[in-house]
Every structure is written in structure tokens, then in C-alpha cells.
Amino acid sequence: MRLEKAAVVLACMAVVIGIGSSAGPVKNMLEQLHTSDGLAVLKPFGDTENELRSVIESKAAQISGPPVNARVDRVWKAIPGYNGLEIDVESTYKRALLLPAGSAIKYIYRQTAPAVSLDDLGAQPIYRGNPAKPMVSLMINVAWGNEYIVPMLNILDEEHVKATFFLDGSWLSKNNVLAREIQKRGHEIENHAYSHPNMSTLSRVRAVMEIDKTKKLLKSSLGVDNRWFAPPSGDFDQETVEIARELGLKTVLWTVDTVDWRHPSPESVVAKITAKAEPGTLVLMHPTSSSSKALRGMIRGIKAKGLVLGTVSQTLSPERVLPSDVE
């Protein structure tokens with residue numbers, strides 16, 4: 001009875017204000033009536049909830065992608081995998097229903113790990129990240145050049161970039177305060193052997209010592225759990241890679257070299273790195289005058305190409321670089 005009375009009242013109101021006949025707007029209004037706990041309730045015009053779900057499902061179809069397995073490339077050797085990505089439609093929809101009208105949708109993403117990871121590839125050197133991942137890493141090998149380190153750290157701070165510093169063990173043993181400054185600024189610190197040797201020329205015993213001594217020094221002096229090994233001068237052989245792996249490290253080299261030890265002009269370094277940077281690029285440099293003066297320009301040139309700068313661990317991980325509309 002209460003439902004019928006409500007319907008009559010609403011119909012009469014519509015007629016009084018001249019909305020139209022029962023075949024037009026009045027009929028539409030009556031069709032919006034439904035019961036809730038025995039009472040008549042007027043629903044909003046338009047199926048907004050279905051429209052919301054449709055928007056979310058459309059976005060999900062656009063970005064959905066399967067995981068990419070790590071693999072061994074003929075040229076680039078070990079290439080990391082890349083997680084698959086999908087939108088959790090139901091969770092995103094339920095969350096979006098609670099937002100105020102006009103709010104931007106915050107999508108809830110789910111990542112799917114690849115079946116094959118870097119760990120599954122065995123003793124292989126790494127020269128780059130996955131080409132589908134829009135991230136670049138700055139590798140700074142340190143065995144000298146103390147006067148340029150703090151200026152470079154200041155630029156990295158100002159540009160909100162974290163790099164990976166590969167420290168020569170003998171340098172670390174003499175420059176603990178400066179190494180701690182690098183660490184305090186939030187940068188990743190890794191292994192560059194102990195005395196900057198050509199690794200391929202060493203006996204197995206000496207090669208083990210070079211890597212392991214620095215690994216232990218990183219732990220004792222900085223508390224660093226070492227993950228990566230960068231061979232000095234890029235010199236190594238298969239035994240080097242195998243020894244590093246036995247010590248729990250992966251051997252990493254570079255995609256693009258600044259060749260800053262030849263003292264090129266900062267402008268030429270910026271132009272070279274900006275032109276060659278692409279998803280997965282590892283950029284090699286040292287604390288030199290050329291790289292110090294070119295660093296800001298390199299960073300801005302890389303960012304201008306829509307690439308994100310991260311540490312070696314971040315660049316070589318399978319983790320996705322997520323869109324900004326993520327929760």
C-alpha cells in the first residue's frame with residue numbers, strides 16, 4: 001500500500017508541473033521506482049554503475065600483457081624477464097564505487113612472474129635489462145676520482161635519481177667515509193673486484209680472492225649484501241662469471257659506455273647517451289670531469305625520452321614500471 005501511494009504522489013507531481021503524458025517522462029519516472037526494505041526508492045537516472053564497470057574493463061583490455069621469460073640472447077647474453085600485468089577489475093570496481101563523483105579511478109594492478117628468471121639461466125653475463133621495461137640505470141665504477149664524487153652525488157640528489165656505484169675494494173678500504181656518503185644518499189653499492197685487475201688473466205685462486213675480498217669488505221664496512229659484480233675494464237672470461245655465481249653474484253657489464261676516461265667533451269657525452277638510451281640500457285661511467293659535467297644533461301635527456309632512471313637491481317628486476325594511475 002505504501003508503494004502504491006508513493007507512486008501516485010509522484011505521478012501527480014509530474015502532471016502538475018507539466019512534465020508530460022504517462023507515455024513520456026511520467027512513465028520513465030515510474031519505471032525508476034524499486035523497493036528497498038519494503039519502501040519505494042528513486043534510483044538515479046542512467047546506469048552509471050554499468051558505465052563504470054565498462055570503463056574499467058576497457059582499460060583492463062588495453063594494458064593486459066603476459067609475462068616475458070628471461071632468456072639468453074646470442075649478442076646480449078642473459079636478458080631479464082618482465083612481469084605480466086593485469087588490472088584486478090572486481091577490486092578496482094568495488095573501490096571506485098566508494099569514491100566521490102568525478103574522482104579519477106585508481107586502478108589496482110596485479111603482476112604475474114615469468115616462468116623463467118635470471119637465476120634459471122646459469123652463469124651468463126648481463127649487458128642490459130629487458131627491452132620492454134622503460135628503465136635505464138647509471139653504473140658508476142669507482143677506483144679513483146674522489147674529487148668528482150660529491151659533485152655527482154649532489155646532481156643525482158637534485159635530479160631525484162638513484163645510481164649504482166661499483167666500488168674497487170682497495171679504494172673502499174682507504175675511503176670508507178666517502179663510501180658511506182654514497183650510501184647515505186641512498187645509492188646502491190656493489191662489487192668491482194679488489195685491485196682493478198684484468199680478471200681473465202688471473203688464476204682461479206686469485207680471481208676468487210679479488211671478488212670475495214671485496215664482497216666481505218662491503219659487508220663488514222657498509223653492511224651491504226652484495227648482489228652484482230662488474231669486472232674492471234670489462235675484462236672477464238667464462239670462468240670469471242662462474243666464480244662470481246659461486247659467490248652468489250651475477251656478472252653485469254654495460255649497454256652504452258661514456259668512455260669518459262678519454263676526457264670527451266661533456267656536450268658529446270650528453271648527445272651520445274641521450275641518442276643511445278633505450279629501455280633496459282645500462283650506462284657506464286666513472287667519477288671524471290667529463291661525466292660530472294655531463295651528468296645532469298644525461299639524466300634530463302634520458303627522462304625526456306620517457307624513460308625512468310633506477311638502480312641496476314631495479315632495472316634488471318622483472319618488476320613492471322607501473323602507470324601513474326596505480327594503487
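Student: Before we start, what counts as a salt bridge?
Tutor: A side-chain nitrogen of Lys or Arg has to lie within 4 Å of a carboxyl oxygen of Asp or Glu. Keep in mind that this model is predicted.

Student: OK. How many salt bridges are there by that rule?
Tutor: The count comes to 16.

Student: Which residue does R185 meet in a salt bridge?
Tutor: R185 meets D157, with N and O 2.6 Å apart. R185 sits in the loop between α7 (176–184) and β9 (188–191), while D157 belongs to helix α5 (residues 146–158), so the pair ties together parts that are 28 residues apart in sequence.

Student: Is R185 buried or exposed?
Tutor: Buried, with a relative accessibility of 16%. The cut-off for buried is under 20%. D157 has 30%, and that makes D157 partly exposed.

Student: What does R296 bridge to?
Tutor: R296 forms a salt bridge with E158, and their closest N and O atoms are 2.7 Å apart. R296 is in helix α11 (residues 289–304) and E158 is in helix α5, so this pair ties together parts 138 residues apart in sequence. R296 is partly exposed at 27% relative accessibility. E158 is partly exposed too, at 47%.

Student: One more pair. Where do E90 and R53 lie?
Tutor: First, the bridge itself: their side chains meet at 3.3 Å, N to O. E90 lies in helix α4 (residues 89–97) and R53 in helix α3 (residues 48–63), so the bridge ties together parts that are 37 residues apart in sequence. E90 is partly exposed at 36%, and R53 is partly exposed at 24%.

Student: Let's zoom out. How many helices and strands does the chain have?
Tutor: There are 12 helices and 14 strands. The chain has 327 residues, and 43% of them are buried.

Student: What share of the contacts links residues 24 or more positions apart?
Tutor: 75%, taken over contacts with a separation of 6 or more.

Student: Now the strands. How many residues of β7 are buried?
Tutor: 8 of 8, across residues 135–142. Both faces are covered. M135, S137, M139 and N141 are buried on one side, and V136, L138, I140 and V142 on the other.

Student: Which strands is β7 joined to?
Tutor: Take them in turn. Strand β14 (residues 308–310) runs parallel to β7, with 3 bridges. There, L309 is the bridge partner of V136. Strand β13 (residues 282–285) is also parallel, with 4 bridges. In β13, V283 partners L138. Strand β8 (residues 164–167) is parallel as well, joined by 4 bridges. F166 of β8 stands opposite N141.

Student: L138 again. Which residues does L138 touch?
Tutor: Leaving out residues up to four places away in sequence, the contacts of L138 include L156, V161, V283, M285, L295, I299 and L309. L138 is also one of the residues that touch the most other members of the largest nonpolar core. That core has 37 residues. L156, F165, L167, W171 and L295 are in the top group too.

Student: Why do nonpolar side chains gather like that?
Tutor: In soluble globular proteins, they tend to be buried together.

Student: Which residues belong to the other core?
Tutor: That core lies apart and has 13 residues, among them A78, L121, W228 and V312.

Student: Last topic, helix α9. Which of its residues are buried?
Tutor: T240, V241, I243 and A244, in a helix covering residues 238–246. Viewed down the axis of α9, these fall within an arc of 165°, so they line one face of the helix.

Student: How can a helix have a face like that?
Tutor: An α-helix has 3.6 residues a turn, so residues three or four places apart point the same way.

Student: What do the buried residues of α9 pack against?
Tutor: They pack against α8 (204–222), β10 (228–229) and β11 (250–251).

Note on methods:
Residues numbered from 1 in each chain as written. Predicted model: local features only at pLDDT ≥ 70, side-chain atom pairs only at ≥ 80, totals over all residues. Heavy atoms only, no water. Helix = DSSP H or I, 4+ residues; strand = E, 2+ residues; numbered from the N terminus. Buried < 20%, exposed > 50% of the residue type's maximum accessible area, 1.4 Å probe, protein only. Core = buried A, V, L, I, M, F, W, Y, C linked by side-chain atoms within 4.5 Å. Contact = heavy atoms within 4.5 Å. Arc of directions from axis to C-beta. Pairing = 2+ DSSP bridges.
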